[in-house]
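Colleague: Hi! I'm new to this one, could you walk me through it?
Modeller: Happy to, let's open it up.

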Amino acid sequence: MKQNEKSSRMVWFLLVVFVPFVFALTVFGIVLSFMGVNVWEEAKSTGKNIPIIKNIFTEKTEVAVTSNVQEKQWKSKFDEQEDYIKVLSADLQKKEKEVTDLKSNIALLEKQVEDAETTVKDEENEQLKKLYEAMSAKDAAAVMREMNNNQIMSILMLLQSETQAEILSKLDAKRAAELTVLMANKTL
């Protein structure tokens with residue numbers, strides 16, 4: 001019975017006091033909203049004046065403000081990093097283009113050097129050819145006796161076959177045979 005009595009008092013309190021109070025408060029808030037009053041903001045400002053509720057609002061506000069400030073700081077740092085990455089990417093592309101240009105310049109210069117060396121070598125060979133063709137076969141053979149076979153071969157390959165034959169005939173037979181074999185192998 002005592003339990004029943006306590007329950008009935010609780011039900012009576014809910015039905016007679018609490019529910020009508022919440023209903024009246026809700027209707028009052030709706031009426032104020034229609035009148036242009038921002039009920040939520042007014043409730044917050046009034047709640048900030050009540051000591052216990054004040055702590056609840058300020059803690060949430062401080063957390064929200066702190067969180068918002070941190071978010072802005074992180075966003076700022078992120079934006080700075082993105083800008084820095086863009087600058088580095090542009091610089092990298094510029095450097096890659098410079099490297100490509102330098103590589104093509106190097107290739108062009110190497111080709112020019114090769115062409116120049118070939119031209120110089122051709123001119124030297126032409127002068128050497130004229131020199132040995134202007135010499136008598138006896139004098140050319142005398143000079144060639146002091147050279148090794150590779151040097152003689154490079155000179156003989158420049159000369160016309162008649163001049164080659166005359167010079168070989170003036171060399172000793174053994175050396176002329178060696179040079180003839182080398183010339184035959186080189187033309188094959």
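Modeller: One definition to begin with: helices (H or I, at least four residues) and strands (E, at least two) are DSSP runs, numbered from the N terminus. This is a predicted model, where local features need pLDDT of at least 70, side-chain atom pairs count only at pLDDT 80 or more, and totals for chains, interfaces and linings use all residues. Residues are numbered from 1 along each chain as its sequence is written, and side-chain values use heavy atoms, with hydrogens and water left out.

Colleague: Thanks! What does UniProt list for residues 12-40?
Modeller: The unreviewed UniProt entry gives that stretch as "transmembrane region". Such annotations may be inferred rather than shown by experiment.

Colleague: How much of the chain is buried?
Modeller: Buried residues are 12% of the 188 in the protein chain. Buried means under 20% relative accessible area, exposed over 50%, and partly exposed in between (1.4 Å probe, protein chains only).

Colleague: Which residues are buried in helix H4?
Modeller: In H4, which covers residues 137-144, they are Ala-137, Ala-140, Ala-141 and Met-144. They span an arc of only 100 degrees around the axis, which puts them on the same side of H4. That arc is taken from the directions from the helix axis to the C-beta atoms.

Colleague: Why would residues a few places apart point the same way?
Modeller: An α-helix has 3.6 residues a turn, so residues three or four places apart point the same way.

Colleague: Let's switch to H6. Which residues are buried there?
Modeller: Thr-163, Gln-164, Ile-167 and Leu-168 are the buried residues of H6. Their arc around the axis is only 130 degrees, which puts them on the same side of H6.

Colleague: And what does Thr-163 touch?
Modeller: Leaving out residues up to four places away in sequence, Thr-163 touches Tyr-132 and Glu-133, where contact means heavy atoms within 4.5 Å. Thr-163 has 15% relative accessibility, so that residue counts as buried.
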